[in-house]
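Below are my entries, in the order I looked things up.

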Amino acid sequence: MPLPDPRKRNPIILPDGTPHAGTVMLAQVLDHPNIQAGAYSYASDFDPPQNWAQHLAPYLFPGARERLQIGRFCQIAHGVRFITASANHAQDGLSCYPFPVFDPAQMAGYQPDTRDTVIGNDVWIGYNALILPGARIGDGAIIGAGAVVRGSLPPYAIVTGNPGTVQSFRFSKPQIVRLLSLKWWDWPPELITRAEPALLAGDLDMLETLAPD
C-alpha cells in the first residue's frame, strides 16, 4: 500500500469518497514560524479548528523565543496540547506575577523560560495528553491518554499518568538500539512502502534487510 500523500491537508478518504476533515497533515496546516512538523505527522480532532497551531500550542505567541519541533510520522490524538515555554512565569522573585508583560516597553524582551519542546519521530500522543514546556520525547515513544509529560523521555518508552512516568518499553534495549540505527522514518518513500509489512508485523530482521546502504 502506498504511503499517504504528505502534501494533502486531509490524508484520510472516507468510504463515500469525501476527505475526513478531522485528520490533517500537520505540515500542511501549521502556519507558525515557531513550529516545525515533519512529513507524514498528523493530528486528529473531533471538532477540527480553524487555526491548528493555536489549537495545539495555545501559548506559543507571535514573537516567542522557543520552538515546538515535531518529527516525522507522529500521531497526535484529540485534545492534545503543547504548553510551551511562553506559558511559564518567573519563579525566582518574591512573586510570580508577570509585571513586565503589562508594559509594552518591557514585554517584547521578557520571557523567563525559552526552552524548546521537541517531539521525536514515530511518536504516538494519546487523547488529552498534556506536553509541558521543555519536554523532549524520544523516537517511537507512546504517550498514554491523559498523561502529563515533562522533562526528557527515552526512545520507545510507554508513558502514562500524572506526572507522566515510564511504565515500560515497547522493545528490548538491543532492539531499540537497532531501530534507532535504522531510522526508517528518514528512508525514501518508496523504500518505506516496501518496508510496511515488516513495520506492521514487528519484524526487525526483515526491516534490516531493506535498509539502504
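This is a predicted model: local features need pLDDT of at least 70, side-chain atom pairs count only at pLDDT 80 or more; totals for chains, interfaces and linings use all residues.

Entry 1: I then looked up its ring partner and found Y156: the two form an edge-to-face pair, 5.5 Å from centre to centre, with 70 degrees between the planes. I noted that the pair links distant parts of the chain. Y156 lies in the loop between β13 (152-153) and β14, while F171 lies in the loop between β15 and α4, and 15 residues separate them. Y156 has a relative accessibility of 2%, so I put Y156 down as buried.

**Entry 2: other rings.** How many aromatic pairs does the structure hold? I found seven. One of them is Y59 with F61: the ring centres are 6.2 Å apart and the planes stand at 85 degrees, so this pair is edge-to-face. Y59, at 38% relative accessibility, is partly exposed, and F61 is partly exposed at 42%. I also wrote down one aromatic cluster, formed by Y40, F73, W184 and W185.

**Entry 3: helix α4.** Next I went to α4, which spans residues 173-182. Which of its residues are buried? They are I176, L179 and L182. Looking down the axis of α4, I see these buried residues fall within an arc of 125 degrees, so they line one face of the helix. The face turned away from the buried side carries the exposed residues K173, P174, V177 and S181. I checked what covers the buried residues of α4, and the cover includes β15 (165-169) and α6 (204-210). Following α4 comes K183, with a positive phi near 45 degrees.

**Entry 4: the cores.** The largest nonpolar core has 33 residues, and F82, I125 and I143 have the most contacts inside it. At least two residues of this core come from each of α1 (26-29), β2 (35-37), α2 (52-56), β4 (68-70) and β14 (157-160). Which element gives the most to this core? It is α2, with three residues. I listed the contacts of F82, leaving out residues up to four places away in sequence: L56, A57, P58, L68, I70, I76, I119, I125 and I131. Apart from this core lies another, of 17 residues, and M25, Y156, L179 and L210 are among them.

**Entry 5: a three-stranded sheet.** I traced an open sheet of three strands, in the order β6-β9-β12, with parallel pairing. Its edge strands are β6 (81-82) and β12 (148-149), each pairing on one side only. Strand β9, residues 130-131, pairs with β12 in the parallel sense over two bridges. I131 stands opposite V149 in β12. I had already noted I131 among the contacts of F82.

**Entry 6: a serine in a loop.** Last, I looked up S41, in the loop between β2 and β3 (42-44). Is S41 buried or exposed? Its relative accessible area is 0%, so S41 is buried. Not counting residues up to four places away in sequence, S41 touches V24, M25, L26, I70, G71, R72, F73 and C74.

Notes: Residues are numbered from 1 along each chain as its sequence is written. Side-chain values use heavy atoms; hydrogens and water are left out. A nonpolar core is a set of buried Ala, Val, Leu, Ile, Met, Phe, Trp, Tyr and Cys residues joined through side-chain atoms within 4.5 Å. Buried means under 20% relative accessible area, exposed over 50%, partly exposed in between (1.4 Å probe, protein chains only). Helices (H or I, at least four residues) and strands (E, at least two) are DSSP runs, numbered from the N terminus. Contact means heavy atoms within 4.5 Å. Two strands pair if DSSP finds at least two bridges between them. The arc is that of the directions from the helix axis to the C-beta atoms. Rings of Phe, Tyr and Trp (its six-membered ring) pair if their centres lie within 6.5 Å; planes under 30 degrees apart count as stacked, over 60 as edge-to-face and the rest as tilted.
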